[in-house]
Amino acid sequence: MSLTHRFTRRRLLATGAALTGGALIGRAGFAPGMASAQDATPEAPRGGIVRFARANPSSLNPLFSTAGIDQGVETQVYGALVIMNYNTAPQLDLAKAIDATPDALSFTFTIDETRFFSDGTPLTSADFIFTFERAINPASGSFWGSRFKNIVGADGYDGSGPEAITGMTAPDEQTISFSFVAPDATFLVVLGDFAGFCVLPKHIWEEIAPADLLNHPYSLAPTIGAGPFIFNEYISDQHISLSRNDSYDPPLANIDQLLLPIVPSSATQQAQLLAGELDIKSLTVTDIASLDGQAHLSVYNDPSVQLRSLVPNVSRPAFADKRVRQAMQWALDREGLAQELYQGYASTIESPFFAWEWPDGQAAVPEPRGYDPDKARALLAEAGWNSSDYQIQFHYIPDNGFDDTLLTLIHDMYSDVGINYELVQVDVTEYNNRVIAGAPADGSSPGDFDLVLLSGGVMGGDPNLTARYFDTASRVPFGANYGHYSNARLDELYIAGRGTTDVEERMAIYTEAAAILNDEAPWVFLFRLPALYGVNNRVKNFNSPGHVGRVVSSAHTWWVEEA
């Protein structure tokens, strides 16, 4: 029998390390310090409503949602084996213990026997097997599919025959085991990404064909789950409502109701926060001044693991030449934007490898690109660029005046060097249709867009979390490689990086990866974003998360103190 590292809630909590060290992996892997989502909930008064505004969701199905705020709702309703805490470290949720071999080739989860679905059906290993199979099956088009290809038998699985995924087994109803083709010391990080890979109740979903999952009514009405809250309703343009799941004794949540009003306008959200009609708001830097002197509100400002980038579709002729993409970086005064527009709250980045264990805050790259419009013009001339050869559209979601200002300034800087395009406002549905649904599983189209703005992610939590944005297997719809970029050497580096537990070795691997991305510039990296929140002081135990998905997925730990 091979030796294993075994981690349980009590043992992990007793060490206090909370995954900042690393029996398997430095900082973001798992070690004797891994907390439990339920053990973290303090003794607190029950009752009250907390209100946090949001836009209409594109999906509340964990196989398909790409927005952190949607994934937070899913975690509260469905639950997951592991989730991220507010410091982006994995913590136990529906699992109560984990066994992992030191070579990171095998992980075994023990499911908490006290957890069950809100209709009374027991939660078993069969539910997890079912959910993973649906995610891996290419017919579903789940963006999680590429992330599980390393499970033995997953690559090539299509659910069409009796063959099971051999690297995924359920020895009994409370145990699920995974074996991998290559070592993956970051498996818990992957499972906990954003708000965690949630479990679907097999008895509710199993009769729905994989190809029908995305558009099934259940995907916007997750009525049965094993989480701390029960889904009440979603009414488009009005609200999403969750209530505490009182079938647990004691309940896992403190507040009676989590109400998520649909308020797309940031200005309206700000007015409602000031008036006490909202309890929590994700702030822009321009919101902060108006909160000064508001005794009922607190501002939280903490480091974030999220970034903001421009993503060109590299399959389009306009952006096929890396010199054009490099010029796009040189043409932007990113430092000026960070200081003037973001008022110093944001910092510039040169790659997706930042935060984590990087001694200087981010990976070093061979050619950091400052503001040099002459250099941009020279590269464009070398590439034979003529803007009139293309009809480029930049699609974006106009969620607040801040972004309108940012994109107008970027547009002006690009126009100055001869990169011209049309700014096109779209809603969330059209954005997803162009970027995600526009790249169907059969590969017939690489997305219906030229250039978009991307914000969010949890890339600073661990370097391997960037794989789903840049490795070849993760091209949309099987991951979040929206720009359809591919580099064989980079793919190899991602495999190597998750196969070792040595931080220095990983740092060297991802430094080479950063150099590739610096040279080929598949994205125009802009900023590491701040984590800014305005919170009504009636909400207690709010911990400012480094990623937006964790705001809602920690709601079960809050309580309300009325004046």
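Predicted model: local features only at pLDDT ≥ 70, side-chain atom pairs only at ≥ 80, totals over all residues.
Modeller: Helices here are DSSP runs of H or I with at least four residues, strands are runs of E with at least two, and both are numbered from the N terminus.

Biologist: Which residues make the contact between H14 and H15?

Modeller: Contact means heavy atoms within 4.5 Å. From H14 come Arg489, Leu490, Leu493, Tyr494, Ala496 and Gly497, and they meet Arg506, Ile509, Tyr510, Glu512, Ala513, Ile516 and Leu517 of H15.

Biologist: Thanks! What makes Tyr485 count as buried?

Modeller: Buried means under 20% relative accessible area, exposed means over 50%, and partly exposed is in between, with a 1.4 Å probe and protein chains only. Tyr485 has 5%, so Tyr485 is buried. Tyr485 sits in the loop between helix H13 (467-470) and H14. Beyond its neighbours within four places in sequence, Tyr485 has contacts that include Leu490, Ile516 and Leu517.

Biologist: And what makes Thr175 buried?

Modeller: The relative accessible area of Thr175 is 13%, so Thr175 is buried. This residue belongs to strand S8 (residues 175-179). Thr175 lies 5.8 Å from Ser125, C-alpha to C-alpha, although 50 residues separate them in sequence. Ser125 is also among the contacts of Thr175.

Biologist: Why is the pair Thr175 and Asp172 called a polar contact?

Modeller: A polar contact is a pair of N or O atoms within 3.5 Å; within protein, one must be able to donate a hydrogen and the other to accept it, and residues adjacent in sequence count only if both atoms are side-chain atoms. The side chains of Thr175 and Asp172 are joined by such a contact at 2.8 Å.

Biologist: How do you know that Gln91 is buried?

Modeller: Gln91 has a relative accessible area of 5%, so Gln91 is buried. Its place is in strand S4 (residues 90-92).

Biologist: What should I keep in mind about the numbers?

Modeller: Residues are numbered from 1 along each chain as its sequence is written. Local features need pLDDT of at least 70, side-chain atom pairs count only at pLDDT 80 or more, totals for chains, interfaces and linings use all residues, and side-chain values use heavy atoms, leaving out hydrogens and water.
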